[in-house]
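I opened the model to look up a few things and noted them in the order I checked them.

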Amino acid sequence: MSRINALNLELATDATRPLLEGVQKKIGFLPNMFKTLIHAPAVLTSYMQQSATLGKTSLSAVEKEVIALATSQVNGCDYCLSAHTFFAGKAGMSAQQIHDARQGELNAIATLARQITERRGQLSDEQLEAARAAGIDDGKIIEVIAQVALMTLTNYLNNAALTDIDFPAIDA
């Protein structure tokens, strides 16, 4: 049972309601994570702005899902693992690719995201060089760090709130 209640859309502020309605239209329903963020309009707005801005990076939709899966696995967020397993499947990833991304083993992006999360950003010279050798330039390294940071916010929120999972269940 959730420790921070998900609120109804009607309780959103006039400023955040259109943002939430946009999420609802895009996904087909309003996920409980967003209903939980209704409690903190400034955080909801900030999250939505950061998400939209990071949507304009050089990272592909699949790469973003890989980062979300690797980060959420390390942070133990069942809510985000369920959500991003769903979205990764929609982006064309197979069950094996999703599994490998969760373990940080799918590709260099997955490995880097896992390392950033596990080491709280304190990467070794060798880890950075390995990422570069795999073709990840410094700009993309920074984009991966930003995606990990955004995922960490939602991971921590959902872990603290015990947000009720409203996506298809996955094996944690």
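**Pocket lining**

I sorted the lining of the largest pocket by residue class and got 20 nonpolar, six polar and four charged residues. Ala, Val, Leu, Ile, Met, Phe, Trp, Tyr, Cys and Pro count as nonpolar, Asp, Glu, Lys and Arg as charged, and the others, Gly among them, as polar. This is a predicted model, where local features need pLDDT of at least 70, side-chain atom pairs need 80 or more, and totals for chains, interfaces and linings use all residues. Residues are numbered from 1 along each chain, and side-chain values use heavy atoms, without hydrogens and water.

I then asked which helix gives the largest share of the lining of the largest pocket. It is α5, with seven residues. Helices here are DSSP runs of H or I with at least four residues, numbered from the N terminus.

**Helix α4**

I looked up α4 next: 15 residues, spanning 21 Å from first C-alpha to last, close to the expected 21 Å. The expected span is 1.5 Å times one less than the number of residues. Twelve of its 15 residues are buried, so α4 is largely enclosed by the rest of the structure. Buried means under 20% relative accessible area, exposed over 50%, and partly exposed in between, with a 1.4 Å probe and protein chains only. After α4 comes G76, with a positive phi near 65 degrees.

**E105**

I found E105 in the loop between α6 and α7. E105 counts as exposed because its relative accessibility is 56%. Its C-alpha is 16 Å from that of T85, 20 residues away along the chain.

Terms used: Helices (H or I, at least four residues) and strands (E, at least two) are DSSP runs, numbered from the N terminus.
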